[in-house]
Amino acid sequence: MQLERADLNLLVYLDVLLRERNVTRAANYLGLSQPAMSNGLKRLRELFDDPLLVRTREGMMPTERALELQPMVREALSSIDRVIQPNRDFDPANTRRTFRIMASDYAESTLIPPLLKQLRDDAPGISLDIMTPSDVSFVDVEQGKVDMVINRFDSMPQSFHQATVWRDSFSCVMRADNPILKGYNLQSYLQAQHIWVSKTGMGVGVGVNPEDVQRLGWVDEAIGKLGEKRDISVFTRHYQVAMILAEQSDLIVTVPTRLAQLARDNPRVVRRDPPLDIPNLELKMAWSPLLQQSAPHRWLRRLILDIGRAL
């Protein structure tokens, strides 16, 4: 490609078109009319001598040439943005913008409240769009559609940047008059009825196989190492729902300790240490390499890590 015959704005169009794979959505994202976006696609096709996007039954699909161009265009735009970005510190107190954060309800309940309080004090013009793990894919993060994801992750693309927000132990929460409390030990714990709760990573979840201990998570793996198995009555992906169920039944829920401590002033439930060793979990924060050098993003990451350390 020769720069003298190229409008660099077309690269922005191409990046959004390949991400959205829809002319109307790309136009809306860039604040353009659909005819203007269609004309931009026409000019891109002439520039690269390739259709780039082809209409199929499944919508607009990128050509092989377009797929080759996508990472190069994204990196080029990122480099240009770093070149022209003003050389000044980010001023959170006078900034108005929205950060999109994917967070499990564990992270949302424990981390987001102190984060929001700090934002109200230091950056009142900044708002948060909190998304659930089912709302987001790794592709969304890679493309910078989501600023960061905060959860427990079994695996993560190697290209992502990541940091540990904190490590947390586990606690058992149960109704204050749960009969198990009269002789609370490993044997009574295993004989009780349990609530399973977990939502790691992101994306749409699938059904749980109670026999597949390796996929049930930290708690059941730890129990399995003892040659035992717990009796699970309810499977849920929502920690707050699990806490409510434990309060209203004779079921026990084993959850991260920071979440269990949110119920410390609730006289209807009690917290106990698990009667077995369960490895600590890590709450991770991950983000796209496209946002690594962004001054506002760096500021927010530092703030989250500072809050994590303070807690």
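Modeller: One term before we start: UniProt positions are given in the numbering used here, and annotations may be inferred rather than shown by experiment. Also, this is a predicted model.
Biologist: Which residues does UniProt list for "domain: HTH lysR-type"?
Modeller: The unreviewed UniProt entry lists residues 7–63. Over that stretch the chain is 61% helix and 14% strand. Its end C-alpha atoms are 21 Å apart.
Biologist: Switching to salt bridges. How many are there?
Modeller: The count comes to 17. Glu-20 and Arg-25 form one, at 3.4 Å from N to O.
Biologist: Is Glu-20 buried or exposed?
Modeller: Glu-20 counts as buried, because its relative accessibility is 14% and the cut-off is under 20%. Arg-25 is partly exposed, at 44%.
Biologist: Which residues are linked with them in a network?
Modeller: Arg-19, Glu-20, Arg-25 and Lys-145 are linked by salt bridges.
Biologist: What about Glu-247, which residue does it form a salt bridge with?
Modeller: Arg-268, with the closest N and O atoms 2.5 Å apart. That pair links distant parts of the chain, 21 residues apart. Glu-247 is in helix α10, and Arg-268 is in the loop between α11 and β11.
Biologist: Now strands. How many residues of β7 are buried?
Modeller: Five of its six, so strand β7 (residues 170–175) is mostly covered.
Biologist: Which strands does β7 pair with?
Modeller: β7 pairs with β10 in the antiparallel sense, over four bridges. Ser-171 stands opposite Val-255 there. β7 also pairs with β11, antiparallel and over four bridges. In that pairing, Cys-172 has Arg-272 as its bridge partner.

How values were computed: Residues numbered from 1 in each chain as written. Predicted model: local features only at pLDDT ≥ 70, side-chain atom pairs only at ≥ 80, totals over all residues. Heavy atoms only, no water. Buried < 20%, exposed > 50% of the residue type's maximum accessible area, 1.4 Å probe, protein only. Helix = DSSP H or I, 4+ residues; strand = E, 2+ residues; numbered from the N terminus. Pairing = 2+ DSSP bridges. Salt bridge = Lys/Arg side-chain N within 4 Å of Asp/Glu carboxyl O.
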